[in-house]
Number of protein chains: 2
Amino acid sequence: MNAETWLHTDQHGFIGLAGPLHGLAEALDRAFLDLALSFGAESQEFGPLLAVRDLRKIDYFSAFPHLVMFPTSVQNDSEALREFAGTNGAQADGGLHLNRLGPVSHVLAPAACYAVYIAMEGASLDVPRRITVKGTCFRSETSFAPLVRQPCFRMREIVHLGSQHTVESFLAEARDRVLHLAAEWDVKCSIDAATDPFFDPARSPKYLHARLFPSKHELTAGDVAIASFNNHRNFFGEAFHISTQGAAIHTACVAFGIERWVNAILRTHGTDPVNWPLS
Amino acid sequence: MNAETWLHTDQHGFIGLAGPLHGLAEALDRAFLDLALSFGAESQEFGPLLAVRDLRKIDYFSAFPHLVMFPTSVQNDSEALREFAGTNGAQADGGLHLNRLGPVSHVLAPAACYAVYIAMEGASLDVPRRITVKGTCFRSETSFAPLVRQPCFRMREIVHLGSQHTVESFLAEARDRVLHLAAEWDVKCSIDAATDPFFDPARSPKYLHARLFPSKHELTAGDVAIASFNNHRNFFGEAFHISTQGAAIHTACVAFGIERWVNAILRTHGTDPVNWPLS
C-alpha cells in the first residue's frame with residue numbers, strides 16, 4: 001500500500017486524507033488536544049468567518065494584505081445571478097468569471113486564535129485562562145505543496161491569557177512539552193526565532209512589527225515550521241479590551257499545523273503505517 | 001448558567017461554541033460518526049476548497065449561482081496590495097474595499113459529499129462502498145440566524161456508492177436509524193419530500209431538476225431541516241466517471257447539519273445541560 005492513495009489533491013488547493021493518513025491526522029490532533037487539556041485549557045470551536053471590522057482592530061489588512069482571503073458571492077439580484085450562471089455553465093473554461101459581487105463583511109480566518117480574542121472582547125479576567133481551538137485557516141499563497149503549503153489548512157492552538165509573567169512561564173513550559181512530544185515521535189526539529197511574513201516590511205512602520213508579534217519562535221522540521229510559539233504581549237488585550245487587574249491582558253499562543261505534522265511523520269517514518277509512532 | 005454565554009456570534013456570520021454547547025456539538029457528531037461506522041462507512045476528511053472545473057462537471061453554477069461562495073484574494077502585485085492595504089487600514093469603515101482580485105480557481109464547498117465524488121473520479125468499484133466525512137460548508141444566505149441559518153456551518157455526511165438497489169436499501173435503513181436516534185433524544189420531527197433551492201426554477205431546464213437531485217427527503221424539527229436523505233441516482237457517477245459493473249455508479253447521501261441539531265436539542269430540552277440527553 002502507498003500513502004499516495006490516501007492523499008487526494010488537485011495540486012491547486014483541494015486536499016483530502018483517507019485511510020491511515022486520515023487516522024494519523026486525527027491522532028496528531030488528539031495528542032495536541034491532550035497536551036492542551038493537560039495545560040488546563042478549555043476546548044472551544046469557531047467557524048472560519050471573522051468580521052472585517054474585528055480584524056481592522058489589529059490593523060490586519062495593513063500588515064498582511066497579501067495573505068488575507070475573503071469569501072465573496074454574486075450580488076443578490078436576479079440580473080447579476082443570471083449573468084453569472086450564464087457565463088459559468090458546464091461549457092465555460094478556466095476560473096470563475098466574476099461579475100457584480102456582494103459586499104465583503106467577513107474574511108476567512110488566517111489563524112485559529114483570533115476568534116478567541118474576538119469572542120472575549122470586553123472581558124475582565126481575575127485569573128489566567130487557557131483555551132484550545134482547532135480551526136480551518138486560509139492564507140493566499142503563491143504556490144501549493146500538499147501537506148506543506150496549502151491555501152487552506154488546519155491549525156490547533158493553545159491560547160494563554162494572563163500576566164506577562166504567566167505568559168512567559170506558559171511559553172517556556174509549552175516549548176519543553178512540544179519538544180518532548182516531537183522527540184517521542186523521533187521528529188528531528190529545532191526551535192528558532194522567527195518573524196511573521198509582513199507585507200512590504202521596508203515600508204511598514206517599525207512599531208507595527210514590534211507590536212504585532214514581538215516574540216515568535218518556530219519549531220522547524222526539515223525547513224518547514226510545524227509549530228510556533230508566540231508572545232503577543234498586550235497587543236490583543238489592548239485591541240479587544242480584554243483586561244486583568246485593571247490593565248490590558250497579555251496573551252500567548254502555541255500553534256500546530258496539523259498537515260505539516262502529518263508530513264513530518266511521513267518524512268521521518270515513511271509511508272507504511274506500521275512504522276508510524278502514532279495512528 | 002445560560003447557554004448564551006456559550007454561544008459567540010456577531011449576528012453576521014461569526015459563530016463560536018464554548019463550554020457545554022461545544023461539548024454537545026461534539027457529542028452529536030460522535031453519534032452521527034458512530035452511526036456511519038455501524039453502516040460500515042470509512043472515515044475521510046477534505047478541506048473546503050473545491051475546484052471550479054470540478055463543480056462545472058455537475059453544472060453547479062447554473063443551478064445554484066445564488067448559493068455559491070468563493071474565496072478571493074488581492075491580485076499578487078505590489079501596487080494592488082499597497083492600494084488594498086491603504087484603503088483597508090484600521091481607520092477604514094464598512095466592508096472590505098476591493099480592488100484588483102486574483103483569479104478564482106476554487107469555491108468554498110457548499111456540501112461535504114462533493115469532495116468524495118471528486119476524489120473518486122475515474123474509479124471502478126466491484127462492491128458498494130460507504131464513506132463518512134465531516135465538512136465545513138459555505139452558502140451565501142440573505143439572513144443569519146445562529147445555529148439555524150449560517151453562511152458557514154458543519155455538515156456530517158454518510159455517502160453510499162453502489163447499485164440502484166443498494167442505494168435504496170441504504171436510504172431506507174438510514175431513515176429508520178436516524179428517526180430512532182431523534183426519538184431517543186426526544187426530538188420531535190418528521191420526514192418530508194423536499195427540493196433543493198434551485199435558482200430561477202421557472203427558467204431552469206426541467207431535466208436539470210430531475211437529474212440533480214431526483215429524490216430528496218428532509219428530516220425537519222420545528223420547521224428547520226436537520227438532516228436530509230438524497231438519492232442522486234447515477235448523476236455523480238456519470239459526472240465523475242465512477243462506475244460499477246461497467247455502468248455509472250448510483251449514489252446516495254445522508255447529511256446532518258451539526259449546528260441545527262444543537263439547536264433542536266436546545267429547543268427540546270432547554271439550555272441547562274443537565275437536561276440534555278447527550279453531552
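## Angles and model

Axes are lines fitted to C-alpha atoms, over the stretch in contact in the case of helices, and angles between N-to-C directions run from 0 to 180 degrees. With angles taken in this way, helix H6 (residues 164–184) of chain B runs at about 15 degrees to S15(B). H6 lies across S9, S10, strand S11 (215–221), strand S12 (224–233) and S15 of chain B. The model is predicted.

## Chain A as a unit

Chain A contains 9 helices and 16 strands. Its radius of gyration is 20 Å, close to the 19 Å that the globule rule gives for 279 residues, so chain A is as compact as a globular protein of that length. Along the principal axes, the C-alpha trace of chain A spans about 60 × 55 × 35 Å.

Of the 279 residues of chain A, 47% count as buried. Contacts in chain A between residues at least 6 apart in sequence can be split by separation: 71% of them join residues at least 24 apart.

## Relation of the two chains

Chain A is superposed on chain B by a rotation of 180 degrees, with 0.0 Å of shift along the axis and an RMSD of 0.0 Å. This is the relation of a two-fold axis. The residue of chain A that comes closest to the rotation axis is Pro71(A), with its C-alpha at 2.2 Å.

## Interface

The contact between the chains involves 63 residues of chain A and 63 residues of chain B. Helix H4 (residues 78–87) of chain A supplies the largest share of the side of chain A that touches chain B, namely 5 residues. By class, that side has 35 nonpolar, 22 polar and 6 charged residues.

Of the interface residues of chain A, 100% are also interface residues in chain B, so the copies meet through the same surface.

## Sheet of nine strands

An open sheet of 9 strands with mixed pairing has the order S1(A)-S2(A)-S3(B)-S8(B)-S9(B)-S15(B)-S12(B)-S11(B)-S10(B). At its edges stand strand S1 (7–9) of chain A and strand S10 (190–193) of chain B; each has a single partner strand, so one side of each is left without a neighbour in the sheet. From one strand to the next, the twist averages 20 degrees. H1(B) also packs on this sheet, where it touches strand S3 (42–46), S8, S9 and S15 of chain B. The direction of H1(B) makes about 5 degrees with that of S9(B).

Several pairings within chain B can be followed residue by residue. S9(B) and strand S15 (residues 250–257) of chain B run antiparallel and are joined by 8 bridges, with His160(B) standing opposite Ala252(B) in S15(B). Antiparallel pairing also links S10(B) to S11(B), through 4 bridges, and here Ala193(B) stands opposite His217(B) in S11(B). On S12(B), the bridge partner of His217(B) is Phe229(B); S11(B) and S12(B) are antiparallel and share 7 bridges. The hairpin formed by S11(B) and S12(B) has 2 residues between the strands, and in it Gly222(B) takes a positive phi near 60 degrees.

## Sheet of three strands

A further open sheet has 3 strands in the order S4(A)-S2(B)-S1(B), and its pairing is antiparallel. S4 of chain A and strand S1 (7–9) of chain B are at the edges, each with a single partner strand, so one side of each is left without a neighbour in the sheet. Helix H1 (residues 19–38) of chain B packs on this sheet and touches S4 of chain A together with S1 and S2 of chain B. The direction of H1 makes about 90 degrees with that of S2(B).

The link between the chains in this sheet consists of 2 bridges from strand S4 (residues 45–46) of chain A to strand S2 (residues 15–17) of chain B, which run antiparallel. Glu45(A) has Leu17(B) in S2(B) as its bridge partner.

Ser140(B) lies in the loop between strand S8 (129–138) and strand S9 (152–162) of chain B. A residue is buried if 20 or more other C-beta atoms lie within 10 Å of its own. Ser140(B) has 20 such atoms within 10 Å and is therefore buried.

Apart from neighbours within four places in sequence, Ser140(B) is in contact with Ser73(A), His66(B), Leu67(B), Val68(B), Met69(B) and Pro151(B). Leu67(B) is 73 residues away along the chain, yet its C-alpha atom is separated from that of Ser140(B) by 4.7 Å.

How values were computed: Residues numbered from 1 in each chain as written. Chains lettered and ligands numbered in written order. Predicted model: local features only at pLDDT ≥ 70, side-chain atom pairs only at ≥ 80, totals over all residues. Contact = placed C-beta atoms within 7 Å. Nonpolar A, V, L, I, M, F, W, Y, C, P; charged D, E, K, R; others polar. Pairing = 2+ DSSP bridges. Least-squares fit on C-alpha atoms with pLDDT ≥ 70 in both. Rg over C-alpha atoms; globule rule 2.2 N^0.38 Å. Buried ≥ 20, exposed ≤ 12 C-beta atoms within 10 Å, placed from the backbone.
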